[in-house]
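Load the model in your viewer and keep the selection panel open. The stops below go one selection at a time.

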Amino acid sequence: MARMMVVALMVVALAVVGGARAQLREGFYEQSCPRAEQIVKHYVQQHIPHAPSVAATLLRTHFHDCFVRGCDASVLLNATGGNEAEKDAAPNQTLRGFAFIDRVKALVEAECPGVVSCADILALAARDSVVVIVISKPPLFFNCLLLTAHRHGRSSISPRNYLTPNKKLRRMMNDEMQGGPSWSVPTGRRDGTVSIKQEALDQIPAPTMNFTQLLQSFHNKSLELADLVWLSGAHTIGIGHCDSFTERLYNFTGRGGPGDADPSLDPVYAANLRRNKCKTATDNTTIVEMDPGSFLTFDLSYYRGVLKRRGLFQSDAALITDAAAKADILSVVNAPPEVFFQVFARSMVRMGNIQVKTGHEGEIRKHCALVN
């Protein structure tokens, strides 16, 4: 039943974004650059296993790009002529994927000069990196078996030689081994030629937003409440910086001090963050896992943390202040991970179609950081 509902949701999603998809299509480069998507995927598969944290920043870069001027790679442009660009805005200063995309673009340009847009390369790399990130690390269950084997003096071991009668352990094994979500990435986007810092500051949802503000931000991009809930699930991977949430720990009402913490944050978790991570209210360098203990695995533990009032940002905590959003979260936390994967995929398809440039709009940049 759950799978049938998800399929129905995706059919509706495709109809809603039909206007954009009429100009974007899967396999757009089949004739003009047949190996384009293969080149992107191969590079991602080669490098993400060695730097898995980059997957989160590629996904975040794609999100930030689409929320400002649409999915046109404007976030990748450098400042010119003294005018600051989107990447100079505070929300984008911690993005680390620019050099990664530049290297992929160089490979694609060597194959097909002036054909494949930076916007498409970013969309494809974000998708492919999420698929790779989970399967790039050894399964937790297998690690446990290796530890058991070591303790019992066994030199080699295979999961297939062992039974797992414990249902919880079997579920953990399945969660670890199945890989991350994938989704359709229709191509044909063109690159924008304008990038303005202030637009990024104004349009990228902030980690301090309440639910009403978040939902309005998504509505401004023709996205829905469900998209807000499922795209927030990307916080299951990646990290945050202390200065994005220290007010929740030290100065929530303006009084200041450890006693002035956000009451919506679990006090035990807040105390742990103050003691072990963000030790001062002015810390702007320390990084914290957004999904502690699972930040390199695309799974449901982020939502479980949110329900326990352990979301890192105010925007995370905001998700359970709305009855409909909380109901959505509750509907997936105990369901098979595939249910979350598919609704996340649906929302990624919708986001990837925000205000795309096609046809003769924009350009195909030769270098992603520079207009032609």
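**Stop 1: His 64**

Select His 64: at 6% relative accessibility this residue counts as buried, where buried means under 20% relative accessible area, exposed over 50% and partly exposed in between, with a 1.4 Å probe and protein chains only. This is a predicted model, in which local features need pLDDT of at least 70, side-chain atom pairs count only at pLDDT 80 or more, and totals for chains, interfaces and linings use all residues. Residues are numbered from 1 along each chain as its sequence is written, and side-chain values use heavy atoms, with hydrogens and water left out.

His 64 sits in helix H4, residues 53-66. Helices (H or I, at least four residues) and strands (E, at least two) are DSSP runs, numbered from the N terminus. An unreviewed UniProt entry lists His 64 under "active site". UniProt positions follow the numbering used here, feature names are shortened, and annotations may be inferred rather than shown by experiment.

Now show its contacts (heavy atoms within 4.5 Å). Beyond neighbours within four places in sequence, His 64 meets Pro 91, Asn 92, Leu 95 and Ile 204.

**Stop 2: the largest pocket**

The largest pocket has a volume of about 1000 Å³. Its lining counts 43 residues, and those closest to the centre are Arg 60, His 64, Pro 207, His 235 and Phe 313. On a 1 Å grid over the protein atoms alone, a pocket is an open set of points with protein on both sides within 12 Å along at least five of seven lines; a cavity is a set where a 1.4 Å probe fits but cannot get out; lining residues have an atom within 4 Å of a point. Grid points are joined across faces, edges and corners, and a volume is the space filled by probe spheres set on the points.

Which element gives the largest share of this lining? Colour H4: it supplies seven residues. Other elements giving two or more include helix H9 (197-203), strand E1 (239-241) and helix H15 (314-318).

**Stop 3: the enclosed cavity**

The structure holds one cavity of 30 Å³ or more. The largest cavity has a volume of about 60 Å³. Among the residues lining it are His 62, Ala 123, Trp 183, Arg 189, Met 348 and Asn 353.

**Stop 4: the nonpolar core**

Select Phe 344. It is one of the residues with the most contacts inside the largest nonpolar core, which has 80 residues. Such a core is a set of buried Ala, Val, Leu, Ile, Met, Phe, Trp, Tyr and Cys residues joined through side-chain atoms within 4.5 Å. Helix H6 (residues 118-135) gives the most to this core, with eleven residues.

Phe 344 touches Leu 59, Trp 183 and Trp 230, among others, leaving aside neighbours within four places in sequence. Follow Trp 230 into H11, where it is buried. Eight of the eight residues of H11 are buried. Their cover includes H4, H10, helix H14 (301-307), helix H16 (323-333) and H17.

**Stop 5**

Finish with Ser 74, in the loop between H4 and helix H5 (98-111). Ser 74 is buried, with a relative accessible area of 0%.

Jump to Arg 365, in the segment after H17. Arg 365 counts as buried at 0% relative accessibility. A polar atom of its side chain lies 2.8 Å from the backbone oxygen of Gly 192.

Definitions and conventions. A polar contact is a pair of N or O atoms within 3.5 Å; within protein, one must be able to donate a hydrogen and the other to accept it, and residues adjacent in sequence count only if both atoms are side-chain atoms.
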